[in-house]
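Here is a short briefing on one protein model. Keep the sequence and the structure at hand while reading.

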Amino acid sequence: HDLSDDSDYAQQLKSMSDSGKKGGDNIVFVKDNVTIHPTQFASERISGRLRLIKHGALLFMTWIPYKSSSSNTKLSERDRNLYTIRAVPVTDIRSIRRHTPTFGWQYLIIVLSSGLAFPPLYFYNGGVREFLATLKQHVFLVRSADDANVFLVNDFQDPLQRSLSSLELPRAVSISNSSSPTLASSAAQNDNSERTDDGSSSISQYGGRHGQKVHDPARDLSIQVLEKFSLVTKFARETTTHLLREIDGFLANDTKKQSQPLTNDNETLDDAQTVPNEISVTPDPLEFDKLTLVWGQPRQPPLGSEEWATFLDAEGRILDSKSLRKRIFYGGLEHQIRNEVWKFLLGYHEYDSTYAEREYLASVKKADYETLKSQWQSISPAQARRFTKFRERKGLIEKDVVRTDRSASFYDGDDNPNVTLLRNILLTYSFYNFDLGYCQGMSDLLSPILFVMKDESESFWCFVSLMERLGPNFNRDQNGMHSQLFALSKLVELLDSPLHNYFRQNDCLNYFFCFRWVLIQFKREFDYEKMMRLWEVLWTHYLSEHFHLYVCVAILKKHRAKIMGEQMDFDTLLKFINELSGHIDLDVTLRDAEALCVCAGENGAACIPPGTPASLPIELLYPDE
């Protein structure tokens with residue numbers, strides 16, 4: 001099944017290569033109408049030209065959007081600049097994943113060696129096979145042993161690539177959450193006949209012994225990922241620097257040769273489809289890193305039961321949801337009313353629902369939960385022996401729950417019934433959302449909800465609502481995580497350019513040292529009470545549906561002097577970030593994050609690709625706004 005062995009493409013590829021030669025550059029592949037989707041809506045697209053360009057011994061990939069695209073006139077120039085791919089060396093590509101949905105067009109997800117990736121590239125006029133075949137003519141391209149639709153790209157003459165190959169990194173994808181979870185799930189299940197059956201690979205595996213430790217970061221998903229990245233040697237990093245210098249030199253020389261653009265003289269397109277050599281980006285009007293953080297308002301006392309009652313009318317409707325969310329944003333909640341208010345923040349209850357409607361909903365949802373729960377409870381031992389996916393998920397959940405929040409009295413001790421409830425809810429969710437199933441980290445998100453709700457059914461449905469927002473964090477291809485880390489890198493670049501430049505110089509632009517923060521929403525960074533207060537602040541969506549990213553920036557900015565002053569490399573930075581757990585001032589951080597969010601304004605919002613988690617679409621939560 002090696003792609004370049006197909007003789008049908010040999011003559012076509014040769015003629016393409018011959019026609020693309022120009023000066024010192026050789027355009028070995030060109031494809032028009034290759035498209036990305038910035039949002040989950042198919043009508044919103046950016047089309048452009050994908051090219052592979054040979055410059056000396058180096059092969060580069062570019063994707064330049066058309067100057068004006070009739071397919072979508074609503075997208076701004078900033079959107080197009082955000083997604084433009086300019087002269088990426090193929091040696092920087094780690095892998096390429098091919099998706100072939102049963103219905104729709106093939107698309108590719110190109111993952112960089114840093115772990116980040118470009119948005120999915122949709123080939124509306126075909127060309128996926130030709131693209132892969134052309135690549136194989138110039139670099140070492142081999143199918144992954146784990147998934148026949150993943151192609152590993154490696155130049156074995158390059159020591160950096162050898163080092164990255166040895167990492168066996170988990171699959172990563174898009175820096176832009178371009179496809180909805182449903183579409184991505186459908187594509188993953190309906191790949192063509194060349195795909196191998198690797199159903200069990202979607203289940204994260206634990207390493208080491210099964211124990212009941214209070215906090216065991218060695219088994220934490222984020223730590224496992226980051227420890228693998230820390231295997232990159234100093235030699236590999238030096239090679240990266242050398243490679244980037246060569247690329248910068250090439251790009252600088254290429255800029256001087258404006259009379260020799262990387263396009264074929266004979267290429268002609270309609271004016272609406274002319275591909276520019278470069279699209280200028282408007283500089284940001286403010287130097288954010290020089291602004292003092294003085295705008296964050298003082299924190300208020302938490303919302304209590306008496307004040308909470310003033311937000312409700314006689315029948316239990318919330319009269320002003322925006323004012324309520326603002327009040328919670330600045331003060332949080334007293335614990336005794338969390339089990340009532342969290343249901344609104346998570347979307348389990350609608351703000352305009354009455355007491356009677358909520359009571360009826362609870363009875364219906366309880367019956368629905370018991371039906372779902374009976375699905376796995378009715379599986380006999382004989383069935384379980386023939387149900388590999390169920391056995392694997394059940395085993396993983398049972399290993400996780402016995403070491404989740406064991407320092408909290410609510411989950412402490414042997415044979416704790418609350419640990420059993422945690423297990424039951426997670427098993428039921430794995431049947432409710434069978435495509436996603438269970439992944440490490442989900443128990444961390446559920447345990448505070450069960451602690452607050454105390455009720456099994458209500459905890460389950462609140463967890464379902466939360467996973468509607470955070471589910472992409474646990475996608476098999478890690479789509480949600482990488483889109484958030486990309487957005488974080490853009491925000492740091494905007495709000496603290498010296499720190500961003502430092503990360504660039506020290507090969508830390510993948511921001512994987514923030515992986516745990518984003519994956520489980522700072523669950524391990526604060527004590528239980530402060531963590532719950534932070535969560536309810538994030539759930540308000542008051543200033544931004546991505547306020548957690550500004551919290552990340554605030555923490556990094558707070559420690560910028562230490563990070564840069566001590567010349568931290570990636571390994572040292574990762575250790576430092578992990579050791580911040582329990583030593584972050586929540587109130588100060590929230591004020592700083594608020595100031596950064598207000599300061600960034602529309603510039604900050606433009607840094608975050610549409611569809612980036614974590615948030616349920618705002619119109620579904622607050623339809624009256």
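Cys597 sits in helix H24, which covers residues 586-606. Helices here are DSSP runs of H or I with at least four residues, strands are runs of E with at least two, and both are numbered from the N terminus. This is a predicted model: local features need pLDDT of at least 70, side-chain atom pairs need pLDDT 80 or more, and totals for chains, interfaces and linings use all residues. Residues are numbered from 1 along each chain as its sequence is written, and side-chain values use heavy atoms, without hydrogens and water.

**Around Cys597**
- Cys597 has a relative accessible area of 9%, so it is buried (under 20%; exposed is over 50%, partly exposed in between; 1.4 Å probe, protein chains only).
- Beyond its neighbours within four places in sequence, Cys597 contacts Leu543, Ser544, Phe547 and Tyr550 (heavy atoms within 4.5 Å).
- Ala554 is 43 residues from Cys597 in sequence, and their C-alpha atoms are 9.7 Å apart.

**Helix H16**
- H16 has 15 residues, 456-470, and should span 21 Å at 1.5 Å a residue; its end C-alpha atoms lie 20 Å apart, which agrees. The expected span is 1.5 Å times one less than the number of residues.
- Of the 15 residues of H16, 14 are buried.
- Asp455 caps the N-terminal end of H16, with a side-chain oxygen 3.1 Å from the backbone nitrogen of Ser457.

**Whole protein**
- The protein has 25 helices and 10 strands.
- Of its 625 residues, 55% count as buried.
- Among contacts with a separation of 6 or more, 74% join residues 24 or more positions apart.

Conventions:
A polar contact is a pair of N or O atoms within 3.5 Å; within protein, one must be able to donate a hydrogen and the other to accept it, and residues adjacent in sequence count only if both atoms are side-chain atoms.
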